Amino acid sequence: MITNVKYCRIGICEDDGQYRNFLVDLIRRNLGDEDNIGIYFFADGKSLLSSKERNELDILFMDVELPDGNGNDFVKEFRQTNTKAILNFCTNVGYPTADTFKLDVYRYIRKDVTEEILERQIIEILEEYRRKRKLKKFYLASEEIAVNISEILYCEKQKRGTKIHLLDQDEGVLVSEHLDNIFIRLEQYGFGRPHDSYIVNFEHIICVNRKKLTLFGGSEMTIAPRKWKNFREAFYQYIVI
C-alpha cells in the first residue's frame with residue numbers, strides 16, 4: 001500500500017479544557033521526526049459519535065464522566081464502527097472492570113497521576129501506534145508518500161534512487177532516496193541486505209540458502225558471497241525472536 005502521508009488522528013473526548021491542553025502538550029512533546037498528527041476535540045460523547053472523524057481516529061482518549069453520560073456507554077457504540085483505534089480511558093472515578101476491557105482498552109489512565117507517569121503512558125501509546133502502523137515516508141518526485149513497511153517485498157538500487165516493490169503492486173515505485181539510506185531506516189524492522197543492489201524484507205522470505213533466496217510471489221535473488229555471513233546472522237535473529 002502506497003498512500004499520501006496519513007496523519008495519526010487523535011481524538012480527545014474530554015470536557016475539562018485544562019486537562020485537554022495538558023494531554024496535547026505531552027503528546028506534542030513526544031512526537032518523533034516522522035510523526036504527523038491531527039488532534040480532534042470532543043466536549044461530550046454525542047459530539048464524538050456524530051463527528052465525521054469518528055471512524056478515522058487512530059487513538060482515542062476518553063473521559064469516563066462526561067456531561068451527557070458515561071464514557072463506557074459511548075465507547076460501546078464507538079467500537080461498533082471503529083475497532084482499530086487505540087483506546088485509553090482517563091478518569092479519577094473507580095477502576096476498570098471486566099466489561100471495560102471487553103472494549104479493547106489499551107490504557108486506563110488515572111487523572112491524579114504525576115506528570116512523569118502520564119508522560120510515560122503517552123509515550124507507550126504513541127509507540128503502540130507506530131508499531132501497528134509501521135508507515136515510513138518516501139519522496140516520489142515532489143510528492144511525499146507513505147508506505148506500510150510490512151507490505152514491502154524488497155527495495156532495489158536504481159541510477160536515480162530506489163525502486164520499492166510491494167505485495168499489492170506488479171510494478172515497483174521509484175523513490176528518490178538512496179538505497180543505503182533506506183536500509184539504515186528499515187534494518188530495525190527486519191530487513192537484510194544480501195547484495196549491494198537490494199534489501200529484502202525477512203517477513204516475506206519463503207526459501208533461502210547461501211547462494212539465493214526466494215520471496216513470496218516467486219522473486220529470486222542472488223546472495224553475494226561476502227554478504228552471506230552477516231545476512232544469515234540477521235535472518236536467524238529475526239526468525240528466533
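Student: A polar contact is a pair of N or O atoms within 3.5 Å; within protein, one must be able to donate a hydrogen and the other to accept it, and residues adjacent in sequence count only if both atoms are side-chain atoms. Which backbone oxygen does the side chain of Asn82 reach?

Tutor: The side chain of Asn82 reaches the backbone oxygen of Leu57, at 3.2 Å. Please note that this is a predicted model, in which local features need pLDDT of at least 70 and side-chain atom pairs count only at pLDDT 80 or more, while totals for chains, interfaces and linings use all residues. Residues are numbered from 1 along each chain as its sequence is written, and side-chain values use heavy atoms, with hydrogens and water left out.

Student: Where is Asn82, and is it buried or exposed?

Tutor: Asn82 sits in the loop between helix H3 (71-78) and strand E7. Helices (H or I, at least four residues) and strands (E, at least two) are DSSP runs, numbered from the N terminus. With a relative accessible area of 1%, Asn82 is buried. Buried means under 20% relative accessible area, exposed over 50%, and partly exposed in between (1.4 Å probe, protein chains only).

Student: Let us step back. How many helices and strands does the chain have?

Tutor: The chain has seven helices and 18 strands. Its C-alpha trace spans about 65 × 40 × 35 Å along the principal axes, and buried residues make up 46% of its 241 residues.

Student: Which sheet does E7 belong to?

Tutor: E7 belongs to an open sheet of five strands in the order E3-E2-E4-E7-E8, with parallel pairing. The edge strands are E3 and E8, each pairing on one side only. On average, neighbouring strands of this sheet are turned by 15° against each other, direction ignored; axes are lines fitted to C-alpha atoms, for helices over the stretch in contact, and angles run from 0 to 180 degrees between N-to-C directions. Two strands pair if DSSP finds at least two bridges between them.

Student: How many bridges join E7 to E4 and to E8?

Tutor: Five bridges join E7 to strand E4 (residues 59-63), and five join E7 to strand E8 (residues 105-110). Leu60 has Leu87 of E7 as its bridge partner, and Thr91 has Arg110 of E8.

Student: And what about E2, how many of its residues are buried?

Tutor: Five of the six residues of E2 (residues 8-13) are buried, and this strand is mostly covered. Six bridges join E2 to strand E3 (residues 37-42), with Gly38 in E3 as the partner of Arg9.

Student: New topic: what is the strand order in the antiparallel sheet?

Tutor: The order is E13-E12-E11-E15-E14, and this is an open sheet of five strands. E13 (173-175) and E14 (191-195) stand at the edges with a single partner strand each, so one side of each is left without a neighbour in the sheet. Neighbouring strands here are turned by 25° against each other on average, direction ignored.

Student: Which residue of E15 is the bridge partner of His195?

Tutor: The partner of His195 is Tyr198. E14 and E15 (residues 198-201) pair in the antiparallel sense over three bridges.

Student: Finally, which residues form the nonpolar surface patch?

Tutor: The patch is formed by Tyr236, Tyr238, Ile239 and Val240, with about 410 Å² of accessible area together. Patches are made of residues with over 30% relative accessible area and no salt bridge, like charges being joined within 9 Å and nonpolar side chains (Val, Leu, Ile, Met, Phe, Trp, Tyr) within 5 Å. A salt bridge is a side-chain nitrogen of Lys or Arg within 4 Å of a carboxyl oxygen of Asp or Glu. Accessible areas come from the Shrake-Rupley method with a 1.4 Å probe, and for residues only the protein chains shown count as cover.

Student: Where is Tyr238 placed?

Tutor: Tyr238 is in helix H7 (residues 228-240). Tyr238 counts as partly exposed because its relative accessibility is 31%.
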